Amino acid sequence: MSIGDFIPQLSGLSYNPPSWRPMRVGGQNFTHCCLLALNDSLTIRSDGNLSYAPTSFVAPGVSIRELEATIQNEEFPCGATFSGDLSGAPVVQVPYRWCETRCPGWEISHSGIMQQWVGPFVQYIVPSLAFCTNVPRTHKLAIPDIVFKAHPRTLVGLMTYWIRLLGAVILVTLDTVVWLAICFAFAGPMLLSAVYEYALDRKVLEFLAPPHGKPPVISMRLRAQLLLAVVIGNIRMATREIDDLGIESRHDSAISDLEGRMPVARRQMSKLVHNSVWKRVMIMVDEYEASRATGRHNKEVVSLPTKLKALLNSQTSFGSTVGAPVLFFVGGFVYTVVDSDNNLGDNNTAHALAFGLWWMVIPYLAIISCAMLASNNPSTLDGIVYDGGTTAPIDEYGVSFWKQNLKKAKKYNGLGFIIRQVEGYNPVETAFEGRFRTVKLWKRGLNKREWVQEAIGEYVASSAYRGTNRISPDELRKSLTLNPLDCFYVLVGTLFAVLAPCCLAFLTSYNTPQAGLSCRSLTYLVYAISQVCEMALWTCAARLRIRYGTRWSETNPIVKRVCWWGQVFVGFFSIFAAVGGTTMQLLGVYRSCACKVPVRYWPQLSDPNAYIVLSDNTAEDIEAARHWWTVTGSTAVGVIGAVCALAWWHQRRLRKVFRDEADKLDSEEVAKEQHINV
């Protein structure tokens with residue numbers, strides 16, 4: 001007589017798990033490990049009855065009769081599922097050393113268990129792929145033209161058609177996945193820059209149309225320049241320009257102290273100056289001023305307000321780009337939370353829910369990105385700005401820190417030869433064609449500040465405020481600069497968008513038995529800390545860029561190097577947590593003995609408290625699920641819904657203010673104000 005005669009699940013139990021994979025590469029099975037522990041805990045007495053062995057891994061208080069009863073009521077500890085009984089299955093727990101010896105390796109995710117990898121991938125990763133396409137980008141993976149040269153009307157074309165199509169699909173998929181990984185790993189500085197830009201939009205528009213008080217007395221030109229800064233502030237400025245006489249001059253758009261510029265005696269209407277993004281764009285304002293002076297603005301020239309509103313409308317509707325996807329995402333998440341009550345105590349469901357809460361960072365990033373007023377696509381600006389019918393010379397942009405070091409590396413013989421060999425091949429192309437280049441999302445906030453500062457600088461240089469009742473330069477600069485309270489709101493809003501999903505995921509995983517800081521909750525913690533550090537380094541670099549202005553690309557102070565290498569160092573941990581943590585969660589690497597023990601026991605794994613619960617659906621599992629799953633899931637759904645609704649409402653409000661201010665440019669009142677005391 002054997003133990004299997006009493007407990008059928010232990011009949012014919014093998015020492016190794018039933019998998020062709022080695023245990024160190026995913027072949028482990030912890031249900032089989034639980035059966036081994038239970039088998040070692042039982043013995044047959046001399047009278048032929050079943051009893052516990054001297055060393056038993058079954059929790060005290062569970063009699064043999066109760067253990068045998070679990071076979072009939074579907075509460076057998078190894079592989080138990082929730083049946084409505086809150087008392088759960090008996091606990092089977094083993095010391096870490098026993099687990100590491102008898103059950104080494106990790107258990108790969110099974111496609112038959114939906115919450116291990118199929119559910120999280122379809123419910124959270126796939127929607128995030130769609131969300132990340134709404135995040136502004138400057139470059140993408142280039143698809144060779146040869147892929148699109150197939151002609152299925154010929155035999156050879158028909159044979160290669162599917163190969164080319166498959167190649168194009170693979171490249172696009174790879175490009176989207178890589179971009180999603182970048183967005184997730186560097187969500188902190190992206191969100192900080194986006195919220196900064198959003199706050200700057202509000203600052204500018206509320207300066208032009210104060211909610212309380214009288215609007216400022218400013219020239220029509222300054223009003224138009226500020227409105228242009230709002231809708232095209234994501235266009236990258238060139239750092240050098242060439243004037244009419246061919247003299248190279250520095251374009252100091254980032255320097256806040258602009259009083260030292262030589263005053264301009266008079267402005268020449270419709271003057272065309274190439275190789276300066278600012279002056280090329282301001283041609284619209286010059287032409288509008290000239291058209292008003294000649295009285296032909298309503299007949300022959302498209303009005304400036306119409307162009308401004310066209311630029312505003314080129315930004316895709318918030319509802320269609322992110323509002324509707326968020327609605328469907330939230331709907332699916334609500335179903336997951338409600339359906340989880342049918343699987344109370346299931347460890348896979350708990351960690352899948354925590355994984356989904358963590359990945360809500362991507363929807364937050366997409367929501368904030370779509371709430372900004374500047375269009376992600378500069379094509380509309382290409383069509384509006386008139387460059388005299390000729391192709392503008394290529395603007396000279398600041399050299400990045402990476403390119404500076406690459407240029408130095410070319411001076412070394414061996415390394416320089418390798419760089420020159422691969423230099424001609426460029427697998428990456430710009431995201432949009434045209435003369436104007438957008439900046440990366442984590443640089444958009446500072447770039448828009450440059451546009452605003454350039455408008456202030458021209459206002460100061462023109463001396464249009466002297467001898468009039470118009471606003472003074474100091475008051476103008478103060479009104480258009482984010483004050484400490486504004487910066488505090490930007491910081492709090494960004495931290496909330498980054499840390500709220502991480503905290504909810506951390507709480508869910510941390511309180512899933514065995515409660516404590518373990519591999520999954522440690523991943524969420526490392527990710528949150530790395531994002532905060534990235535935002536701190538971004539803030540430091542932003543202050544330096546403002547301080548050095550256009551000399552930023554030419555100078556190399558030690559603080560700049562510290563910031564750059566700090567971002568590299570922190571970025572490694574961020575990528576490891578975001579990409580590595582996601583991969584290990586989906587593959588199942590976290591289902592191992594080490595990850596089933598809280599981190600506090602890692603230095604002393606021989607401690608008696610360093611035990612591992614191998615049984616499923618215990619009373620502690622069910623209790624933790626009842627307390628945390630619905631709370632964290634419902635909180636996440638409510639918060640993301642509220643953030644999406646607020647972002648939509650505020651964007652609609654700012655768009656309405658922008659249109660009203662643009663229409664004022666055509667009013668007779670503003671036209672008269674333009675000539676007051678000039």
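Hi everyone. Let's start inside the protein: the lining of the largest cavity is made of six nonpolar residues, five polar ones and no charged ones. Keep in mind that we are looking at a predicted model.

Which residues are they? The lining consists of V231, I232, N234, I235, L311, S314, S375, N377, P378, T380 and L381. Two elements, α8 (220–232) and α15 (379–384), each give two or more residues to that lining. As for volume, the largest cavity comes to about 60 Å³. And how many cavities of 30 Å³ or more does a search of the whole structure find? The search finds six.

Let's move on to the second largest cavity, with a volume of about 60 Å³. Around it you can pick out G345, D346, N347, A350, T512, P513, D621, A624, A625 and W629. Here the elements giving two or more residues are α13 (347–358) and α23 (619–664). Which element gives the most to this lining? That is α23, with four residues. By class, the lining of the second largest cavity holds five nonpolar, three polar and two charged residues.

The peptide bond running from P513 to Q514 is cis, and its omega is near -5°. If you want to find Q514 on the screen, look in the loop between α20 (484–510) and α21 (519–548).

Now back to α23, and to a helix that packs with it. Helix α11, residues 304–313, meets α23 at an angle of about 165°, and the two axes are 8 Å apart. Why call the pair roughly antiparallel? Because angles over 145 degrees count as roughly antiparallel, α11 is roughly antiparallel to α23. Is the crossing left-handed or right-handed? The crossing of α11 and α23 is right-handed.

Which residues make the contact? On the α11 side they are P305, L308, K309, L312 and N313, and on the α23 side R655, F658, R659, A662 and D663. Sorted by class, this contact has five nonpolar residues, one polar residue and four charged residues.

One last stop, in the loop between β8 (611–613) and α23, where you will find N617. What is its phi? Phi of N617 is near 55°, which is a positive value in a residue other than glycine.

Terms used:
Residues are numbered from 1 along each chain as its sequence is written. This is a predicted model: local features need pLDDT of at least 70, side-chain atom pairs count only at pLDDT 80 or more; totals for chains, interfaces and linings use all residues. Side-chain values use heavy atoms; hydrogens and water are left out. On a 1 Å grid over the protein atoms alone, a cavity is a set of points where a 1.4 Å probe fits but cannot get out, and a pocket is an open set with protein on both sides within 12 Å along at least five of seven lines; lining residues have an atom within 4 Å of a point. Grid points are joined across faces, edges and corners, and a volume is the space filled by probe spheres set on the points. Ala, Val, Leu, Ile, Met, Phe, Trp, Tyr, Cys and Pro count as nonpolar, Asp, Glu, Lys and Arg as charged, and the others, Gly among them, as polar. Axes are lines fitted to C-alpha atoms, for helices over the stretch in contact, and angles run from 0 to 180 degrees between N-to-C directions. Angles under 35 degrees count as roughly parallel, over 145 as roughly antiparallel, 65 to 115 as roughly perpendicular and the rest as oblique. A crossing is left-handed if the near helix is turned anticlockwise from the far one by less than a right angle, and right-handed if clockwise. Contact means heavy atoms within 4.5 Å.
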